[in-house]
Amino acid sequence: MAKQKPLVVVTRRLPDAIETRMMELFDCRLNMDDHAFTREELIAAVAEADVLVPTVTDRLDKGVLAQAGPQLRLIANFGNGVDHIDLNTAQQRGITVTNTPDVLTEDTADMTMAMILSVPRRVSEGERLIRSGKWEGWSPTHMLGHRIWGKRLGIIGMGRIGQAVARRARGFGMAIHYHNRQRLHPEIEQELEATYWESLDQMLARTDVITVHCPHTPATYHLLSARRLKLLREHAYVVNTARGEVIDESALVRMLQQGELAGAALDVFEHEPSVNPKLLEMDNVVLLPHMGSATIEGRVDMGEKVLVNIKTFVDGHKPPDRVLPNLV
Ligand SMILES: O=CC(=O)O
């Protein structure tokens, strides 16, 4: 890199310790009021930056990346998912892309487990009742939910997060089923006592709770389509801490409205930050504002990864968490 200190543009506020270190290492432009960048601001950033540190709220599509200056060599994403970045265009332009895997696995799995428990056991509903001041005391038939123990969990996408969810769910007495492009190594499958379904359709028809852990790619867009959602049984629950786009959200809402599903717990949405208003009216739905990896420890670890990726890259080495160029 020609300049001594590369210009690093960071699109959102990061934990203090990370921003401080970032400013020591690089010539940094931070976003002090933490607003989500507009398209114009993103275009200005890619036109100028040597390194861009975006997040999931920045749509780096073909049009934006087409305006990148030749000096933009690295997009060091703060986050695991890179579906907001047009990887084809980045590849054509020879831009390296990194992400922050591993460090958010356990936090996201914890949140997923909380969501798996929350709808069948009516956690949010109960809390709302107390806050409304209308609770009249315990009764044997009041606020009955459904047992989780002994139920079948269907995991779509058995990567790091899917496996971490499987480990937790086994502790809650759930039977683990999964669908993945590739079958797990037999040793891991055995350790998790997991049943592999090559056919997603077949798994959907046989499980009680479905949880999504695959990335959003062109191949997984609406993987849970209207047709596939219909394969779920009426008592089934759908949990999503991955990406909203993997589920046909309108079809999901229709089914919930018609009582064709028992409930859903959603941390991600197809058109974030908008949430389908019909979901807001449903008691059997738990809604969270994309908080899967939102722990202080996790966000600091993610920031550390971003620092390491940038530093190794500007020092002329291959950054550890490369999404592009592909490792293969
Ligand atoms: O959603 C958050 C991430 O992809 O890290």
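The questions and answers below concern side-chain pairs in a predicted model.

In this predicted model, local features need pLDDT of at least 70 and side-chain atom pairs count only at pLDDT 80 or more, while totals for chains, interfaces and linings use all residues. Residues are numbered from 1 along each chain as its sequence is written, and side-chain values use heavy atoms, with hydrogens and water left out.

Visitor: Which residues form the aromatic pair, and in which strands do they lie?
Guide: Rings of Phe, Tyr and Trp (its six-membered ring) pair if their centres lie within 6.5 Å, and planes under 30 degrees apart count as stacked, over 60 as edge-to-face and the rest as tilted. The search of the whole structure finds one such pair, which is tilted, with 5.1 Å centre to centre and 45° between the planes.

Visitor: Is Tyr178 buried or exposed?
Guide: Buried means under 20% relative accessible area, exposed over 50% and partly exposed in between (1.4 Å probe, protein chains only). Because Tyr178 has 0% relative accessibility, Tyr178 counts as buried.

Visitor: Which residue forms a salt bridge with Arg128?
Guide: A salt bridge is a side-chain nitrogen of Lys or Arg within 4 Å of a carboxyl oxygen of Asp or Glu. The closest N and O atoms of the pair are 2.9 Å apart, and the link joins helix H6 to the loop between helix H12 and strand E12, 155 residues apart. The partner of Arg128 is Asp283.

How values were computed: Helices (H or I, at least four residues) and strands (E, at least two) are DSSP runs, numbered from the N terminus.
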